[in-house]
Amino acid sequence: MGLGGCIILIAVGAILTFATDWNMEGVNLDLVGVILMIVGLIGVTTFSSIARRRRVVVPPSQPVVQEERHPRRDGYSDGYGV
């Protein structure tokens, strides 16, 4: 889950906790909202700690090209054109 998903979880949790007054039997929407906000905050802190790590950029290695040496073919030394 990326940073955007974590922010969406926090927003949905805040809406469920503070902006609704629905009553569902067997489900406490305030608790569900708080849980979503906590999960979103954990995701944001995890994402920011991973993103803060210094990424080492390794330059690409130079490919080793081994050229095969062919004898020079000028049209005279190989018997053609004589």
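Me: Helices (H or I, at least four residues) and strands (E, at least two) are DSSP runs, numbered from the N terminus. Which helix is Gly43 in?
Reply: Gly43 sits in helix H2. This is a predicted model, where local features need pLDDT of at least 70 and side-chain atom pairs count only at pLDDT 80 or more, while totals for chains, interfaces and linings use all residues. Residues are numbered from 1 along each chain as its sequence is written, and side-chain values use heavy atoms, with hydrogens and water left out.

Me: Okay. How many helices and strands does the chain have?
Reply: There are two helices and zero strands. H1 covers 3-19 and H2 covers 29-52.

Me: Back to Gly43. Why does Gly43 count as buried?
Reply: Because its relative accessible area is 18%, and buried means under 20%, exposed over 50%, and partly exposed in between (1.4 Å probe, protein chains only).

Me: How far apart are the C-alpha atoms of Gly43 and Cys6?
Reply: They're separated by 5.7 Å, although the two residues are 37 residues apart along the chain.

Me: Which residues are buried in H2?
Reply: Leu29, Gly33, Met37, Gly40 and Gly43.

Me: And what do the buried residues of H2 pack against?
Reply: They pack against H1. As background, an α-helix has 3.6 residues a turn, so residues three or four places apart point the same way.

Me: Can we check the length of H2? How far apart are its end C-alpha atoms?
Reply: They are 34 Å apart, and that agrees with the 34 Å that the 24 residues of H2 should span at 1.5 Å a residue. The expected span is 1.5 Å times one less than the number of residues in the helix.

Me: What caps the N-terminal end of H2?
Reply: Asn28 does, with a side-chain oxygen 3.2 Å from the backbone nitrogen of Asp30. A polar contact is a pair of N or O atoms within 3.5 Å; within protein, one must be able to donate a hydrogen and the other to accept it, and residues adjacent in sequence count only if both atoms are side-chain atoms.

Me: Let's switch to H1. What does Thr17 touch, leaving aside its neighbours within four places in sequence?
Reply: Thr17, a residue of helix H1, is in contact with Asp30, Gly33, Val34 and Met37. Contact means heavy atoms within 4.5 Å. The side chain of Thr17 also reaches the backbone nitrogen of Val34 at 3.3 Å.

Me: Is Thr17 buried or exposed?
Reply: Buried, since its relative accessible area is 15%.

Me: How about Ile10: what is its relative accessible area?
Reply: It's 24%, so Ile10 is partly exposed. Ile10 lies in helix H1. Its contacts beyond four places in sequence are Leu36, Met37, Gly40, Leu41 and Val44.

Me: Now the surface. Which residues form a nonpolar patch?
Reply: Leu3, Ile7 and Phe47, with about 250 Å² of accessible area together. Patches are made of residues with over 30% relative accessible area and no salt bridge: like charges are joined within 9 Å, nonpolar side chains (Val, Leu, Ile, Met, Phe, Trp, Tyr) within 5 Å. A salt bridge is a side-chain nitrogen of Lys or Arg within 4 Å of a carboxyl oxygen of Asp or Glu. Accessible areas come from the Shrake-Rupley method with a 1.4 Å probe, and for residues, only the protein chains shown count as cover.

Me: How far is Ser48 from Leu3 in space?
Reply: They're 8.4 Å apart, C-alpha to C-alpha. Ser48 is in helix H2 and Leu3 is in helix H1.

Me: Last one: what share of the chain do buried residues make up?
Reply: They make up 13% of the 82 residues. The chain exposes about 7,500 Å², with carbon and sulfur atoms supplying 62% of that area.
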